[in-house]
Amino acid sequence: MFLRIPLFFLFISVAVSLGAQKRNPFNSYLPIMESSSISWRSPMNNTEDLVFDLQPTLYYQFYNTYADTSKTSKQAVYANFKSHIRMFQEQSLPVKTPSYKAFLGYQHSFNWSKNVLHIALETGHYSNGQSSCAWDASVADGSDACKAAYREINDETDLAEIYNRNSGNFSINLTQLIIQFVIPRIKEPKMKDAAIAHRFTLTLGRNDEAFAFVFDFSGKEDDIQFVGDNFIKMETESFFSPNDKIDFSLKNELEYVNGVHASINPWRYTFSVNVFPLEWVTAFYMAYTTGHDNYNYRIVDSGNQFSVGVRWDLFDRNQYK
């Protein structure tokens, strides 16, 4: 597996660059970032109606040269913490099985003619911090009774029917390589002052027991055998600037997870329309999703979903203006 590279170089980079960031380490630009968002979503199953879906994301820059306009090759070392929280209409206190992703990451960017190529390597931990067994709410996770519950699952089992949705534990480690290609603003000759820009992203990832494939830390083989090992994501986003007052984009996201349980849909596809009023980096969006859910162990759910919300982008507006 080509992602199994010596990741200790990443940790060395973090150690060397600690304290080197002079600017605000929380606000520095990165070309590849997951946006914070809040939305309403229609339910994917008949048992849980959503009030809201919240995904706050925090980046801390140890080292970042993207603000230096004199450099053609730029890089950054950072930490990324992302939560995924849902509140349901029934009692959820106020949420059930929230997700937490914590990454260490490295990004490098290159100018390619008039285009830009970004490459990111991230490795970290993904869990929901719960204490009970995912398949038996009456016993603790890691107990002999819980291990027995895992062993009773076979290819005929419907995981969505038996999942402990209130307190079921989920814990894996994951590493991902992200490649992004950006075609900056191109004038549209048929429309005065109009322009189009494109962003293409490919993510190759692996779920693993070991953190960074090296450290045996909190990854559960039992979870990986159900949620899959290797995954691939492909994204395209086209930005349109019909005039100087508003921008909008059309975004496609396709994901496939290898090695999932027989009752889990390995595919997920999302199409969204995003509107950026004036010079705001905030996007108001509408989206349609089909395939598996993306809320940790709720990958066991599958269906069609509509959502409406707001996301906060921190992309480089110069690439699209």
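Contact here means heavy atoms within 4.5 Å. All of the views below come from a predicted model.

**View 1. Glu 48 and the residues it touches.** Glu 48 sits in the loop that runs between strand 1 (36–41) and strand 2 (50–55). Leaving aside residues up to four places away in sequence, Glu 48 touches Pro 43, Phe 88, Glu 90, Lys 96, Arg 165 and Arg 298. Is this glutamate buried or exposed? With a relative accessibility of 5%, Glu 48 counts as buried, because the cut-off for buried is under 20%.

**View 2. Polar contacts from the Glu 48 side chain.** Two of the touching residues deserve a zoom. The side chains of Glu 48 and Lys 96 are joined by a polar contact of 3.0 Å. Another polar contact, at 3.1 Å, joins the Glu 48 side chain to that of Arg 165.

**View 3. Lysines over rings.** Back to Lys 96, then: its charged end sits over the ring of Phe 88, 4.9 Å from the ring centre. Phe 88 also turns up on the list of residues that Glu 48 touches. In a second case, Lys 101 lies over the face of Tyr 126, with 4.7 Å to the ring centre.

**View 4. A cluster of rings.** Tyr 126 shows up again here. Which residues do ring pairs link into a cluster? They are Tyr 126, Trp 135, Tyr 150, Tyr 163, Phe 170, Phe 226 and Tyr 297.

View 5. A pair of aromatic rings is described by how far apart the centres are and by the angle of the planes. With centres within 6.5 Å as the pairing cut-off, the count comes to 16 aromatic pairs. Phe 81 and Tyr 100 form a stacked one, at 6.3 Å centre to centre and 25° between the planes. The two residues are 19 residues apart, with Phe 81 in strand 4 (residues 73–88) and Tyr 100 in strand 5 (residues 99–112), so the pair links distant parts of the chain. Phe 81 counts as partly exposed at 39% relative accessibility, and Tyr 100 counts as partly exposed at 32%.

**View 6. The tilted pair Tyr 288 and Phe 306.** Here the rings of Tyr 288 and Phe 306 are 5.2 Å apart centre to centre, and the 45° between their planes makes the pair tilted. Tyr 288 belongs to strand 14 (residues 282–292) and Phe 306 to strand 15 (residues 302–312), so this pair ties together parts 18 residues apart in sequence. Tyr 288 has a relative accessible area of 29% and is partly exposed.

Notes
Residues numbered from 1 in each chain as written. Predicted model: local features only at pLDDT ≥ 70, side-chain atom pairs only at ≥ 80, totals over all residues. Heavy atoms only, no water. Phe/Tyr/Trp six-rings, centres within 6.5 Å; stacked < 30°, edge-to-face > 60°. Helix = DSSP H or I, 4+ residues; strand = E, 2+ residues; numbered from the N terminus. Buried < 20%, exposed > 50% of the residue type's maximum accessible area, 1.4 Å probe, protein only. Lys NZ or Arg CZ within 6 Å of the ring centre and 35° of its normal. Polar contact = N/O pair within 3.5 Å; in protein donor to acceptor, adjacent residues only side chain to side chain.
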